[in-house]
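My notes follow in the order in which I took them.

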Amino acid sequence: MPSALFVVSEEGYWGEECIEPLTTLTDAGVDIEVATPSGSPPVIDERSVDPEEVGEETAEHCMSVHENDERLNDPSPVAQVDAVDYDAVVFPGGHGTEWDVNQDRDARRLLRDAVAHEDGKALVVCHAVGILAFTRTSTGDFLVDGRSVTGFPNEWEEGIVDENDRMPDGRKLPYWVEEEVVAAGGDWDAELDEDTSVTVDGDLVTARGPPSSAEAARTLLAELGIEQPA
């Protein structure tokens, strides 16, 4: 049975960006495990389950899975898992990733090993794409250098943070994903004229944001050679 590891934020993951791939891969027969930086259950961004923000159906679905899925409620610490034990490693997005997953050396190890492994794949979504700005290969080069990627764009961030880079919850955003990934050598194109944006470069799949979550999951299944449910 194919398998995937989800590395999810304890500081606030975006519901759809985790739940959509989680349920899509599960329906396709993928065995899924979840890890978080400390091993505590992940925390969902309240805005991503606000009906006024995402719609009632999405909010209810994401909250239901978040509260009831045993895998999300009993994660492993990222230090205790290895990418080579899975066919794919998935990094759901959300602003919270900037404070934990993207800065976690074991999360970066998982990404590096998933991409370097002969049969491994990695899917990185939205703000989690920021991890590419801090992940280096075994030779010390930035993993993203020269790779085509998409992710959460500056143009969207401008509509969320204030003039002091403060989030709606008062936290100061530590960095902007697009700026950092481009500085690390990534070939960035968020395809802002398109409804969705998913980019494949070798064993690395990146996705722009919530509306791209479903396409990202389907793309990962295709990359793994897994037939998708009708």
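**Strand pairing**

I began with Leu 5, which stands opposite Glu 33 in S2. The chain goes from S1 through H1 to S2, and I noted this β-α-β crossover as right-handed; that term applies if, with the strands pointing away from the viewer, the path from the first strand over the helix to the second runs clockwise. The model is a predicted one, in which local features need pLDDT of at least 70, side-chain atom pairs count only at pLDDT 80 or more, and totals for chains, interfaces and linings use all residues. Residues are numbered from 1 along each chain as its sequence is written, and side-chain values use heavy atoms, with hydrogens and water left out.

For the element names I kept to DSSP runs, numbered from the N terminus: helices are H or I of at least four residues, and strands are E of at least two. Two strands pair if DSSP finds at least two bridges between them.

S1 and S2 pair in the parallel sense, over five bridges. S1 also runs parallel to strand S4 (residues 88-91), joined by three bridges. In S4, I found Val 90 as the bridge partner of Phe 6. S2 pairs with strand S3 (residues 76-77), again in the parallel sense, over two bridges. There Ser 76 in S3 is the bridge partner of Ala 35.

I then wrote down the whole sheet: it is open, has seven strands with mixed pairing, and its order is S3-S2-S1-S4-S5-S9-S8. S3 and S8 are the edge strands, each pairing on one side only.

**Helix H1**

Does the length of H1 agree or disagree with its residue count? I took the expected span as 1.5 Å times one less than the number of residues. For the 13 residues of H1 (residues 15-27) this should be 18 Å, and the end C-alpha atoms are 18 Å apart, which agrees.

Just after H1, Gly 29 takes a positive phi of about 90 degrees.

Asp 165 has a phi near 65 degrees, positive although the residue is not a glycine. I placed Asp 165 in the loop between H6 and helix H7 (177-183).

Glu 191 is in the loop between strand S7 (187-188) and strand S8 (198-201), and counts as partly exposed because its relative accessibility is 29%.

**Two glutamates**

Glu 157 belongs to helix H6 (residues 154-157). Contacts of Glu 157, leaving aside neighbours within four places in sequence, include His 95, Glu 98 and Trp 176; contact means heavy atoms within 4.5 Å.

Glu 118 lies in the loop between helix H5 (105-116) and strand S5 (121-125). Glu 118 counts as exposed because its relative accessibility is 70%.

Key:
Buried means under 20% relative accessible area, exposed over 50%, partly exposed in between (1.4 Å probe, protein chains only).
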